[in-house]
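Please walk me through this structure, from a surface patch and a helix to the aromatic side chains.

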Amino acid sequence: VSNTPEGFLPKTILYNVSFLADRAETEIVIQRAHFNHVRGYYVKVYLGEASRIAQMEKGMFMREGLIAGALIAIAIFFFGMFLFYSNRHSFLWFALACFSTALQNAIYSKSIITIFPNLPWFLGHKIEYISLIAYFFFMFLYAFSMLEGKTNRWLRWVGYVFFIGSMAVYA
């Protein structure tokens with residue numbers, strides 16, 4: 001943490017601090033950046049017994065991992081369905097949408113940073129934004145493949161241009 005923009009390094013640091021208060025009054029100093037991409041300006045600070053906070057963190061990690069794992073399992077299932085029914089592209093688009101949602105959810109939550117603590121901050125944000133754009137694009141393709149050409153061609157081209165433009169801006 002620095003008082004000047006030159007001294008500030010963008011980084012996502014996750015940690016729990018445990019301490020034993022040896023006096024009746026304890027001063028706690030928290031230094032933080034002015035930007036939190038996940039929850040806005042403020043981040044919750046939990047005070048309590050170390051075992052309860054560790055249990056709460058473990059529960060949140062397990063919940064986020066369960067969601068990401070379920071989305072990946074759904075993606076694998078629909079990709080397998082696409083391998084058997086290769087003429088139905090909707091299976092492929094839905095599988096890719098589920099995979100990109102799982103990736104975005106894992107980066108948006110603390111799961112990826114817990115598993116890969118040295119993941120560069122900038123790379124994590126790029127992956128998060130690109131996977132979110134990819135999710136909407138794959139759902140867009142899924143909807144059009146389910147409608148089987150009953151949509152206007154110009155609407156599809158607007159979607160393609162939006163996707164390519166978004167990827168050019170964020171990639």
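How many residues does H1 have, and what distance does H1 reach from its first C-alpha to its last? In this predicted model, H1 has 35 residues and reaches 51 Å between those two atoms, close to the 51 Å expected at 1.5 Å a residue.

The segment before helix H1 (50-84) holds Leu 47. Leu 47 counts as exposed because its relative accessibility is 67%, and exposed means over 50%. Together with Val 17, Phe 19, Ile 28 and Val 45, Leu 47 makes a nonpolar surface patch of about 540 Å².

The aromatic side chains come next. The count of aromatic pairs comes to 15. In one of them, Phe 137 and Phe 138 have ring centres 6.0 Å apart and planes at 50°, so the pair is tilted. Both are buried: Phe 137 has a relative accessible area of 13%, and Phe 138 has 17%. The rings of Trp 157 and Tyr 160 have centres 5.5 Å apart and planes at 85°, so this pair is edge-to-face. Trp 157 and Tyr 160 are three residues apart in helix H5 (residues 153-170), and therefore about one helical turn separates them. Trp 157 counts as exposed at 52% relative accessibility, whereas Tyr 160 is partly exposed at 25%.

These two pairs belong to one aromatic cluster, formed by Trp 93, Phe 137, Phe 138, Phe 140, Phe 144, Trp 157, Tyr 160 and Phe 163.

Terms used
Residues are numbered from 1 along each chain as its sequence is written. This is a predicted model: local features need pLDDT of at least 70, side-chain atom pairs count only at pLDDT 80 or more; totals for chains, interfaces and linings use all residues. Side-chain values use heavy atoms; hydrogens and water are left out. Patches are made of residues with over 30% relative accessible area and no salt bridge: like charges are joined within 9 Å, nonpolar side chains (Val, Leu, Ile, Met, Phe, Trp, Tyr) within 5 Å. Accessible areas come from the Shrake-Rupley method with a 1.4 Å probe; for residues, only the protein chains shown count as cover. A salt bridge is a side-chain nitrogen of Lys or Arg within 4 Å of a carboxyl oxygen of Asp or Glu. Helices (H or I, at least four residues) and strands (E, at least two) are DSSP runs, numbered from the N terminus. Buried means under 20% relative accessible area, exposed over 50%, partly exposed in between (1.4 Å probe, protein chains only). The expected span of a helix is 1.5 Å times one less than its number of residues. Rings of Phe, Tyr and Trp (its six-membered ring) pair if their centres lie within 6.5 Å; planes under 30 degrees apart count as stacked, over 60 as edge-to-face and the rest as tilted.
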